[in-house]
Amino acid sequence: MSKDTSSMIWDYLVFVIFVLASTFVAVYSRFFGPKEKTKADYVFAAGKVSTAAMMLSIARGTLGVRSFLGYPSELFYRGSAMWETLYGMVLAYPIVCFVFVPVYFSLGITSVYQYLDMRFKSRLVRCLASGTYVVRQLLNQGVTVYTPCVALNTVIGIPYWASIVGISGVSIIFNILGGLKAAILADVMQGLTMIAISVAIIIQGCVEAGGFVDVFNISKKDGRLDFFNWDLDPTVRVTTTSALIGQLFMSLSIFGCQQNFVQRYCSMDSQKKVTRTLMYNIPVITVLFSLSWVVGMVVYAVYSSCDPLTSGYIKKYDEILPFFVEDRFSYLPGILGLFMASLFNGALSLNVSNLNSLATVAFEDFVRPLPCLKGMNDSRQLWSIKFIGVVFALIIMGISFGIGLLEGVIESSMLVTSATSGPLLGVFIMALVIPVANWKGASAGVIMGHIIILWITFGGLTVDKPPAKSLPLNIDGCSNSSFNDHILKVEHRALSWTPTTTPSPFTIYNDPLAPLNTTRAEKLDPLTALYSITYMYYSFLGCIITVLVGWTVSYFTASESDLYDEELIHPWARKMADYFPGKKRQYVSKREDSTRKMKRSGSTAANLATSSNSSQLANSTKQDEDNVKSGTVNAGYSPDMPMEEVNGTYKTKL
């Protein structure tokens with residue numbers, strides 16, 4: 001990376017113009033687009049958002065900025081095993097469509113964690129789930145903001161602090177001006193730019209390597225395309241089995257339980273449109289996900305005989321793609337600036353989207369229920385959400401600076417992200433499809449799931465695990481024509497040269513289990529075997545533990561006070577529950593329907609029965625209220641949302 005400042009004027013110019021153009025999206029959305037008049041406009045996007053824009057926004061949120069930079073280097077140095085996480089990702093879409101969305105869509109909720117409050121009548125469960133989401137997203141966004149700063153500093157010399165402050169500052173502007181609609185438009189702009197750059201890299205690489213057939217053959221011959229490894233060893237970093245199972249549970253947690261995705265579903269006009277968007281997104285995500293891996297194939301084909309890392313031209317795995325752009329696109333002034341701007345804006349658009357969701361969750365689940373804020377009008381609620389978003393942006397900026405100062409925090413934060421997905425998914429599965437689940441079981445399951453998985457996660461940092469396997473690299477073909485003149489080192493300008501540098505065990509973004517101050521334990525120690533489990537299984541284990549503990553505790557603590565509206569559980573779950581032996585499950589709405597039917601009966605006996613049942617229902621309701629006050633049900637629960645009666649059942653309103 002040896003370009004001087006004078007030769008990069010076009011790159012700097014393109015970088016600035018592209019960043020300003022992205023910022024203009026928020027300004028345009030605020031002053032020329034549909035006006036946001038209410039909190040719902042801000043949270044769910046004022047005006048219509050096209051299906052295509054929503055699909056691309058969901059795909060961008062799924063892949064993130066690290067996929068653009070990390071997947072090509074993953075294929076170059078580790079091979080295609082991580083590509084098979086696509087299987088679990090694709091399987092998650094129909095499950096979310098037909099299990100999660102039908103329950104969410106008709107409730108009119110602002111925060112997805114309001115659903116848990118309604119289902120379990122528990123402030124504790126709601127706060128556990130939303131708190132998990134907030135902490136995870138803050139750490140994850142700190143990594144997201146910091147990720148492009150490495151490339152920006154290495155390639156075009158922008159200081160770390162300038163990149164972090166720039167991304168955070170523009171994110172605050174978006175947060176104040178734009179809301180969800182601006183975030184979606186930024187996602188679309190950023191997604192199209194990344195696609196264009198990826199296609200340009202593929203074309204350039206294929207031309208230099210002799211065509212796509214040669215690219216494929218070179219990658220295949222050198223072991224970069226090795227699929228369908230069904231090894232069941234849970235300590236192997238990634239196999240087809242762990243990629244399928246682990247990514248399925250991770251994706252279900254992200255698509256089905258994460259505010260920034262559910263927020264997009266609820267912003268659409270109808271449930272049918274949500275289903276169509278998600279199902280159409282399967283081929284979109286497949287193409288976009290695979291695009292990064294094809295980029296990795298062509299970059300490897302170009303450098304297969306002279307690896308830039310081994311020959312000392314780059315210092316980290318993840319620098320291979322910026323190096324390729326600088327090396328092979330030198331004939332196009334500004335292309336490197338566009339590439340760097342796409343990384344900057346990738347972090348920016350994801351930060352904006354998640355700030356919107358984080359602020360909404362924090363307000364609805366932690367701020368709005370405060371007694372001193374009862375009766376706050378809609379306008380003040382809107383500005384409160386924006387203010388919380390600004391605070392979160394500053395916190396994320398601080399976390400990003402911390403990541404830059406403290407080595408190993410990237411790995412730790414990614415481990416936390418993996419570890420918290422399982423318990424979060426588990427509590428939603430209990431709410432959606434386990435009729436007997438109550439607030440006691442849900443709380444116990446989430447807490448126990450977190451404790452066990454975090455114990456395994458951080459315990460894994462105390463044992464010496466075998467390093468992730470790197471594929472063979474070649475420098476036999478290195479010559480003075482291997483790289484362009486502006487890249488080539490002075491000592492390598494002779495007709496032939498022999499590199500003497502060797503690579504170190506660098507980490508890449510997709511490998512969060514790098515050993516940190518590790519010690520060797522006995523090979524047959526069961527605890528060591530447990531700690532050695534790959535992080536790919538953390539979400540699966542966390543979900544299973546949460547559900548099993550929660551289901552068991554719920555079964556033994558079931559009481560009459562656990563009644564809830566039957567529409568809060570999936571219809572399939574209600575039907576399946578009827579086939580199990582034992583006492584049939586009772587729901588609030590069924591009891592009310594029975595009372596209304598008896599009231600309509602004309603017979604005296606029916607009227608007497610109705611009176612008796614109504615009296616019992618009133619007494620039961622009064623008893624439930626007394627139980628709440630005395631702490632028998634759950635003293636921490638207090639409905640903080642306006643309610644309206646629809647067809648005999650009560651639902652929340654925005």
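**Salt bridges**

I started with Arg574 and Glu566, whose side chains meet in a salt bridge at 3.9 Å, N to O. The model is a predicted one. I noted Glu566 as buried, because its relative accessibility is 16% and the cut-off for buried is under 20%.

How many salt bridges are there by this rule? I get a count of eight.

Next I looked up Arg126. Its side chain meets that of Asp117 in a salt bridge, 2.8 Å from N to O. I find both Arg126 and Asp117 buried. The pair belongs to a network of salt bridges that links Asp117, Arg123, Arg126 and Asp365.

Then I checked Arg328 and Asp327. Their side chains form a salt bridge at 3.0 Å, N to O. Arg328 is buried, with a relative accessible area of 12%. Asp327 also counts as buried, at 0% relative accessibility.

**Cysteines**

I looked for disulfides and found one in the structure. Cys306 and Cys478 form it, with their sulfur atoms 2.0 Å apart. The link is right-handed, with 100 degrees about the S-S bond. What does the pair tie together? I placed Cys306 in the loop between α12 (271-303) and α13 (320-328), and Cys478 in the loop between α17 and α18 (526-531), so the pair ties together parts that are 172 residues apart in sequence. Both Cys306 and Cys478 are buried.

I also checked Cys257. Cys257 is buried, with a relative accessible area of 0%. Cys127 I noted as partly exposed, at 22% relative accessibility.

**Helix α17**

At 1.5 Å a residue, its 21 residues should span 30 Å, and the end C-alpha atoms are 30 Å apart, so the two agree. At the start of α17, I found a side-chain oxygen of Asn438 within 3.2 Å of the backbone nitrogen of Lys440. I then listed buried residues in α17, among them Trp439, Gly445, Val446, His450, Ile453 and Gly459.

**Surface patch**

Last, I turned to the surface. Trp10, Leu13 and Ile17 form a nonpolar patch there, with about 340 Å² of accessible area together. I placed Leu13 in helix α1 (residues 9-31). Is Leu13 buried or partly exposed? I have Leu13 as partly exposed, because its relative accessible area is 42%. An α-helix has 3.6 residues a turn, so residues three or four places apart point the same way.

How values were computed:
Residues are numbered from 1 along each chain as its sequence is written. This is a predicted model: local features need pLDDT of at least 70, side-chain atom pairs count only at pLDDT 80 or more; totals for chains, interfaces and linings use all residues. Side-chain values use heavy atoms; hydrogens and water are left out. Patches are made of residues with over 30% relative accessible area and no salt bridge: like charges are joined within 9 Å, nonpolar side chains (Val, Leu, Ile, Met, Phe, Trp, Tyr) within 5 Å. Accessible areas come from the Shrake-Rupley method with a 1.4 Å probe; for residues, only the protein chains shown count as cover. A salt bridge is a side-chain nitrogen of Lys or Arg within 4 Å of a carboxyl oxygen of Asp or Glu. Helices (H or I, at least four residues) and strands (E, at least two) are DSSP runs, numbered from the N terminus. Buried means under 20% relative accessible area, exposed over 50%, partly exposed in between (1.4 Å probe, protein chains only). The expected span of a helix is 1.5 Å times one less than its number of residues. A polar contact is a pair of N or O atoms within 3.5 Å; within protein, one must be able to donate a hydrogen and the other to accept it, and residues adjacent in sequence count only if both atoms are side-chain atoms. A disulfide is a pair of cysteine sulfur atoms within 2.5 Å.
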